[in-house]
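Subject: Structure handover

Hello,

Please find the structure below, with the sequence. My notes on it follow.

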Amino acid sequence: MSSNTRNLYLIPYVAWIALFVVAPILLIVYYSFFDVEGQLTLDNYAQFFTPVYLRMTLSSFWYAFLITAFSLLVAYPTAYWLTRTKHKRLWLMLIILPSWINLLLKAYAFLGLFGTYGLVNALLETIGIGARQILFTDFSFVFVSVYIFIPFMVLPIFNSLEELNPSLLYAARDLGASPWTTFRRVVFPLTLSGVKAGCQAVFIPALSLFMLTRLIAGNRVITLGTAIEQHFLVTQDWGMGATIAVFLVIVMALFMIATGERKVRRIR
Amino acid sequence: MKSIVRLFVGVFAAAFALMYVTSLLNSSQGYTGGNTLTIYNWGDYIDPELITEFEEQSGLKVIYQTFDSNEAMMTKVAQGGTTFDVAIPSEYAISKMKEDDLLIPLDHDKLPNMKYIDERFMDLPFDPGNEYSIPYFWGTVGIVYNPDMLDGRKLTSWNDLWDERLRNQILLVDGAREVIGMGLNSLGYSLNDTNEEHLQEAKRKLAALTPNVKAIVGDEIKMLIAGEEAAVGVVWSGDAAEMMWENEKLDYVVPKEGSNLWFDNMVIPRTARNIDGAHAFINFMLDPEVAARNAEYVGYSTPNAAALELLPEEISGDERFYPDAVLTAKLEVYENLGKRMLAHYNDLFLEFKMHRK
């Protein structure tokens, strides 16, 4: 009886996983074996390993890496500083607030800010640096992406810093560790799980960014996400699009395993 | 484990049952709605007053829905969940929908106003004999530019875009056929060329254009050019008309080497329930007076010869949007190159995008 009721509660969860996780993955794997004319083939996989797609993969990884690295660089000190402030919940809220606004709206806002006659260029002009092209450059792409992903990096790091037992810091100080050593030997290793979670939350979506590549980078940055969008919406070559998606899923799984917790928590 | 498998199966079964019930409900609703007419059109692509007039004239209730891409429209029609009675896709979408059996042939006897359409725009390769579609609006692909930002210079040809003085000044529309077509046209080839050597030559030529290309963007191009973010844009004439409306300095030119001629045609999709009503609507829109008012409202080029005569001279005499016979002869309609060739075009376009400055 009790196991039956438990199964009943499982239904929404299982339904969700089955319909929106398992079924789509099976579908893309299935589609990846068909070419444009609907013939069963492995050509898509062969084509993926041609220079065009390999270069695209490389550039996707490079930009995703840059975005993750800069996010971490900004987010860690921010989270650290947050835990030290008086009204940390309020500050945290203010940092998370922008993520409630739709991504597309934020991208459009940056179109206005970074434009030739935008606010940023007007500012550069007044302080004497002079207007320059900001929109449609690598810089603007990485900058806007980092801006969008920062809350996802700050949150897990903030949580792991919060969980840190302060007595460990006192102990370190008592034993004569300098603030830098304390950070390097105590704080950072103990918050590594938060850093890993943050990197996962940023790197994986960054790999398949596609709207920003067009709006902010003007298609000067081509990622695998762009290629998938093209294949599904323009070429209608669902096979190739699915193949790239399969590849991304595999990479993401590998990345999760590599950065995941190694502890086995299962109790038999 | 067993119960989990059973759960999975149960969930899938429930999902399919729901899908079936939905389609049943939809179709039953469609049958009862004999006095409604659902029109599926691009956003802001009809004079709304004309819909009211049609409702009064025919006694039908019009449901007006919009789409923003041919692909989205085709997907919805293919799914068949909604009963669209009239849709207005572009020509390449029409040949695809024809292949996929998504269209109902038109009954020409119910469309007496068909005779007003200019001969030039009838019986085109994407729909021989106009069996499935009637032209609604047409246009070209060309160059919109801001003479003020170019020291008053005028652009007249595709090859003008390769000028070194246009460094970082060009915005391209994000379309493989448009950009590869531009490359082919600039070399004097047809934009439907499938010769591999010609395509590779076009690719190399486009690679040389890269330093001049500021960005390759979608609909934002209208806002960016009107806001003088760049001096030159390669766009559809309809978008150009909108930009020129926003920013009076802008000018539009159809390059002398030739370019693309596109159509948006009225069709009756498979999902139609009110086929008589759909014919009545198409015929209504073909009426010269109605077509003229619509053309004035929308700002695109009308294929209706009788309507063109009713339009003021400043519209009908504008050679940028109603090019003369010499130039029109050089314009080509996109042929359906087949999925494989289209995929190849797209790969070339992707390579062009990846070419770094």
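I start with the contacts between the chains. Across the interface of chain B and chain A, 13 residue pairs are in polar contact, both residues being at pLDDT 80 or more. A polar contact is a pair of N or O atoms within 3.5 Å; within protein, one must be able to donate a hydrogen and the other to accept it, and residues adjacent in sequence count only if both atoms are side-chain atoms.

On the side of chain B that touches chain A, the elements giving two or more residues are α1 (2-32), β6 (213-217), α7 (220-226) and α14 (339-354) of chain B. Helices (H or I, at least four residues) and strands (E, at least two) are DSSP runs, numbered from the N terminus. The most comes from α14(B), with 11 residues. By type, the residues on this side of chain B are 17 nonpolar, 7 polar and 15 charged. Here Ala, Val, Leu, Ile, Met, Phe, Trp, Tyr, Cys and Pro count as nonpolar, Asp, Glu, Lys and Arg as charged, and the others, Gly among them, as polar.

Before going further, a note on the source: this is a predicted model, in which local features need pLDDT of at least 70 and side-chain atom pairs count only at pLDDT 80 or more, while totals for chains, interfaces and linings use all residues. Residues are numbered from 1 along each chain as its sequence is written, chains are lettered from A and ligands numbered from 1 in the order in which they are written, and side-chain values use heavy atoms, with hydrogens and water left out.

In total, 39 residues of chain B are in contact (heavy atoms within 4.5 Å) with 42 residues of chain A. The two chains bury about 3,500 Å² between them, 58% of it on carbon and sulfur atoms. Buried area is the accessible area (1.4 Å probe) that two parts lose on being put together, summed over both.

The interface of chain B and chain A also holds 3 salt bridges, a salt bridge being a side-chain nitrogen of Lys or Arg within 4 Å of a carboxyl oxygen of Asp or Glu. A:Arg214 pairs with B:Glu220 in a salt bridge, with the closest N and O atoms 2.7 Å apart. B:Arg340 forms a salt bridge with A:Glu37, and there the closest N and O atoms are 3.2 Å apart. B:Arg340 lies in helix α14 of chain B and A:Glu37 in the loop between α1 (2-31) and α2 (43-48) of chain A, so this pair joins two chains. For exposure, buried means under 20% relative accessible area, exposed over 50%, and partly exposed in between (1.4 Å probe, protein chains only). B:Arg340 is partly exposed at 43% relative accessibility, and A:Glu37 is partly exposed with 45%.

Over all chains, the whole structure has 24 salt bridges. Within chain B, B:Lys222 takes part in a salt bridge with B:Asp239, the closest N and O atoms being 3.7 Å apart. B:Asp239 is in helix α8 (residues 237-246) and B:Lys222 in helix α7 of chain B, so the pair ties together parts that are 17 residues apart in sequence. B:Asp239 counts as buried at 8% relative accessibility, while B:Lys222 is partly exposed at 21%. B:Lys222 also meets B:Glu242 in a salt bridge (3.3 Å, N to O).

Turning to chain B as a whole, its secondary structure comes to 14 helices and 9 strands. The C-alpha atoms of chain B fill a box of roughly 65 × 65 × 35 Å along the principal axes. Of its 357 residues, 55% count as buried.

Helix α5 (residues 176-186) of chain B is mostly covered, with 11 of its 11 residues buried. These buried residues pack against β4, β5, α6 (196-209), β7 (232-236) and α14 of chain B. After α5(B) comes B:Gly188, which has a positive phi near 85 degrees.

Two residues other than glycine also have positive phi. A:Phe136 has a phi of about 65 degrees, sits in the loop between α6 (119-126) and α7 (138-163) of chain A, and is buried at 4% relative accessible area. B:Asp151 has a phi near 55 degrees, sits in the loop between β4 (133-145) and β5 (170-173) of chain B, and is exposed at 72%.

Regards
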